[in-house]
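Okay, thanks for coming, everyone.

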Amino acid sequence: MDARLNYSASPTAGKVLKPVMAAGKAVKDSPLPPATQELVALRVSQINGCAVCLDMHTKEAAAAGETAVRLHLVAAWREATVFTDAERAALELAEAGTRIADAAGGVSDEVWANAAKHYDEEQLTALVILVSFMNMANRLNAITQQPAGNYQVGQFH
């Protein structure tokens, strides 16, 4: 499979994606727990069908010590017993923020309050930015059909 666009060969993409990647690094360095970041990145990417992001975040999470069981159960996190209450709240917020157009009311006060029980304001800020960032990255990759399978851990960070 070949991508529709080669971002690395485009001057416009280079100008835009360099600061975008710096923003991604800033979120990665935030106080939001790394395991939570990877779980959220995976869930958003599952919803959006972004194969290259699934490839990247599955490999990054595994390299950081995440278990195969938890990685396989992210898609069914509501029924899985392997996630903490805080992780469940983050996954719920990630889903609501990703499916914002499908939910007439957007992210509900209940979903927000549940996340706020587990994360301080700085962590919530990072979580909201991460969900937004992943939705953007997913769209950049899915629209152009970026191929998955060749990502190497640490390739972009």
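So, at roughly what angle do the axes of H6 and H7 cross, and within what distance do they come? The angle is roughly 130°, and the axes come within 9 Å. Before I go on, a word on where this comes from: the model is predicted, local features need pLDDT of at least 70, side-chain atom pairs count only at pLDDT 80 or more, and totals for chains, interfaces and linings use all residues. Residues are numbered from 1 along each chain as its sequence is written, and side-chain values use heavy atoms, with hydrogens and water left out.

When I say helix, I mean a DSSP run of H or I with at least four residues, numbered from the N terminus. Two packed helices are described by the angle between their axes and the distance between the axes. The axes are lines fitted to C-alpha atoms over the stretch in contact, and the angles run from 0 to 180 degrees between N-to-C directions.

Back to that pair. The angle makes H6 oblique to H7; on this scale, under 35 degrees is roughly parallel, over 145 roughly antiparallel, 65 to 115 roughly perpendicular, and the rest oblique. The crossing of H6 past H7 is right-handed, meaning the near helix is turned clockwise from the far one by less than a right angle. On the H6 side, the contact (heavy atoms within 4.5 Å) uses Trp-112, Ala-115, Ala-116 and His-118. H7 brings Gln-123, Leu-124 and Val-128. By class that's five nonpolar, two polar and no charged residues. For the classes, Ala, Val, Leu, Ile, Met, Phe, Trp, Tyr, Cys and Pro are nonpolar, Asp, Glu, Lys and Arg are charged, and the others, Gly among them, are polar.

While we're on H6, have a look at Asn-114, which sits in that helix. Not counting residues up to four places away in sequence, Asn-114 touches Ala-89 and Glu-92. Ala-89 is 25 residues away in sequence, but the C-alpha atoms are 6.0 Å apart.

H7 has other partners too. H2 packs with H7 at about 40°, axes 9 Å apart, and that makes H2 oblique to H7. The crossing is right-handed here as well. From H2, the contact takes Gln-37, Val-40, Ala-41, Val-44, Ser-45 and Asn-48. From H7, it takes Leu-127, Leu-130, Val-131, Met-134, Asn-135, Asn-138 and Arg-139. Sorted by class, there are seven nonpolar, five polar and one charged.

Then there's H3 with H7, at an angle of about 125° and with axes 8 Å apart, so H3 is oblique to H7. Val-52, Cys-53 and His-57 of H3 meet Met-134, Ala-137, Asn-138 and Asn-141 of H7. That contact has four nonpolar, three polar and no charged residues.

Now, the inside. Which residues touch the most other members of the largest nonpolar core? They're Val-40, Leu-127 and Met-134, out of 27 residues. A nonpolar core here is a set of buried Ala, Val, Leu, Ile, Met, Phe, Trp, Tyr and Cys residues joined through side-chain atoms within 4.5 Å. Buried means under 20% relative accessible area, exposed over 50%, and partly exposed in between, using a 1.4 Å probe and protein chains only. H1 (11-28), H2 (34-48), H5 (85-98), H6 (109-118) and H7 (121-143) each supply at least two residues of this core, and H7 gives the largest share, eight. Another core lies apart from it, with nine residues, including Leu-39 and Trp-77.

Asn-135 of H7 is buried at 10% relative accessible area. Leaving aside neighbours within four places, Asn-135 contacts Val-44, Asn-48, Gly-97 and Thr-98. Leaving out neighbours within four places, Glu-66 is in contact with Ala-35, Leu-39, Ala-61 and Leu-71.

Most residues other than glycine have a negative phi. Gln-145, in the segment after H7, has a positive phi, near 50°, and Gln-145 is partly exposed at 31%.
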